Amino acid sequence: MSENDNEQRIEIGKKLRDARQAKGYTLDDLQQLTKIQKRYLIAIEDEKFDELPGDFYVRAFIKQYADTVGLDGNELLKEFNEQLPQAKTKEYSEHISQAVETRANRRKTVSQGVSKVRQYLPTIIIACVIVIILAAIWVTAIVRGHQDASTKIDNSSVSVSGESRKKSSSSVKKDSTKSLKSSAIKLTETNRNNNSVTYNAASLKQDTKLQIKTSERAWNSVTSDGTSALSRTMDANSTANVTIKRTANTVVITVGNASVTSLKLGNKKINFTDNGRYNNTRTVTIHFGNSSSSAVFSSASATRTTTTNNQRTATQTTRTNETNQNTTTPVRSTNASASNQGQNQSRSQTQQTQTNQTQSR
């Protein structure tokens with residue numbers, strides 16, 4: 001082979017490479033477009049045709065390469081016909097060229113289809129958006145309809161429940177009023193004097209609060225069955241609460257100043273001063289339980305009070321007698337001294353008379 005043939009062979013590879021670079025294609029891009037392996041494209045550009053699968057593929061690949069980069073493949077094959085390997089038969093070559101053209105036409109058809117899709121793509125997108133919006137509006141309307149229906153049901157149930165609550169609250173109020181009336185403590189006055197008052201009451205059904213209020217400073221004490229529950233001086237406008245056990249039998253309240261003190265047992269106000277008639281009341285006694293035990297306790301208390309008063313009266317009488325004795329003693333001594341003086345005077349007078357008689361003789 002002469003040097004001119006080598007230059008022409010090199011020129012076909014260089015011509016194809018320059019056309020590819022002018023298009024801005026890389027070998028990878030060209031591989032994607034022509035579906036020819038990259039190593040065959042490199043062999044074509046380097047004109048190493050023996051690395052291709054056969055002589056037929058040399059001409060076919062070169063023609064496809066040229067058509068892709070913007071060259072006329074048939075003209076290029078004619079121009080370098082002598083330098084390229086010959087195909088087996090002319091008919092085979094024509095068949096292959098037709099196959100290549102058919103493949104190119106298919107590629108053009110696909111590209112045209114893609115372009116049409118791209119052309120109608122905005123319209124398709126707009127239609128999809130409109131369909132989505134209409135579907136959202138429809139779903140929202142259905143949801144609102146369900147919500148309105150549920151709201152109506154809830155309102156009706158709320159009204160019914162409100163009425164039932166009102167009825168239940170009224171019944172509760174009635175029951176509570178009945179229970180308060182039934183649980184009110186009834187005090188029966190059994191004994192009263194200027195300093196004390198005694199009440200009888202039924203046994204307590206539950207622990208009850210005893211409330212003591214003072215409008216001025218006063219001393220108060222509470223004893224339940226002999227156990228002290230309160231004993232202190234309360235300031236003005238103060239309140240003391242004492243819990244009376246339901247098992248209590250006797251409660252004794254000692255009031256320092258009845259006129260400024262108020263008593264309340266549970267829901268019952270104790271009118272221990274009888275609306276101010278007995279403001280000197282000091283002791284308030286409440287007996288819980290049956291009347292017999294209360295009467296016994298009252299008689300015992302009365303007996304103790306009488307005994308105590310008798311003892312106090314006897315003591316005062318004894319003290320008075322002792323005082324009188326102490327008073328009469330100096331009187332007796334005074335009388336004795338006076339009688340002695342009289343006797344002495346009478347004796348002196350007798351002696352003087354005898355003396356006078358003697359002188360007259």
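These legends walk through several close-up views of a predicted model. Local features were taken at pLDDT of at least 70, and side-chain atom pairs at pLDDT 80 or more, while totals for chains, interfaces and linings use all residues. Residues are numbered from 1 along each chain as its sequence is written, and side-chain values use heavy atoms, leaving out hydrogens and water.

View 1. Let us start with a pair of charged side chains. Side chains of opposite charge can pair when their charged atoms come close. Here a salt bridge means a side-chain nitrogen of Lys or Arg within 4 Å of a carboxyl oxygen of Asp or Glu, and the structure holds ten of them. Helices are DSSP runs of H or I with at least four residues, strands are runs of E with at least two, and both are numbered from the N terminus. An α-helix has 3.6 residues a turn, so residues three or four places apart point the same way.

**View 2. Glu79 and Lys15 form a salt bridge.** The closest N and O atoms of Glu79 and Lys15 are 3.4 Å apart. This pair links distant parts of the chain, with Glu79 in helix H5 (residues 73-79) and Lys15 in helix H1, 64 residues apart. Glu79 counts as partly exposed because its relative accessibility is 48%. Lys15 is partly exposed as well, at 36%.

**View 3. Glu45 and Arg20 meet in a salt bridge.** The N to O distance for Glu45 and Arg20 is 2.7 Å. The pair links distant parts of the chain: Glu45 belongs to helix H3 (residues 38-45) and Arg20 to helix H1, 25 residues apart. Both Glu45 and Arg20 are buried. Salt bridges with shared partners join Arg17, Arg20, Glu45 and Asp46 into one network. Which residues of H3 are buried? They are Tyr40, Leu41, Ala43, Ile44 and Glu45. After H3 comes Glu47, with a positive phi near 60°.

**View 4. Strands S1 and S2 form a hairpin.** Three residues lie between S1 and S2. Strand S1 (residues 188-192) and strand S2 (residues 196-201) pair in the antiparallel sense over four bridges; two strands count as paired if DSSP finds at least two bridges between them. In this pairing, Arg192 stands opposite Val197 in S2.

**View 5. Thr273 sits in a loop.** Thr273 is buried because its relative accessibility is 11%. Leaving aside residues up to four places away in sequence, Thr273 touches Arg192, Ala258, Tyr278 and Asn279 (a contact means heavy atoms within 4.5 Å).

Terms used
Buried < 20%, exposed > 50% of the residue type's maximum accessible area, 1.4 Å probe, protein only.
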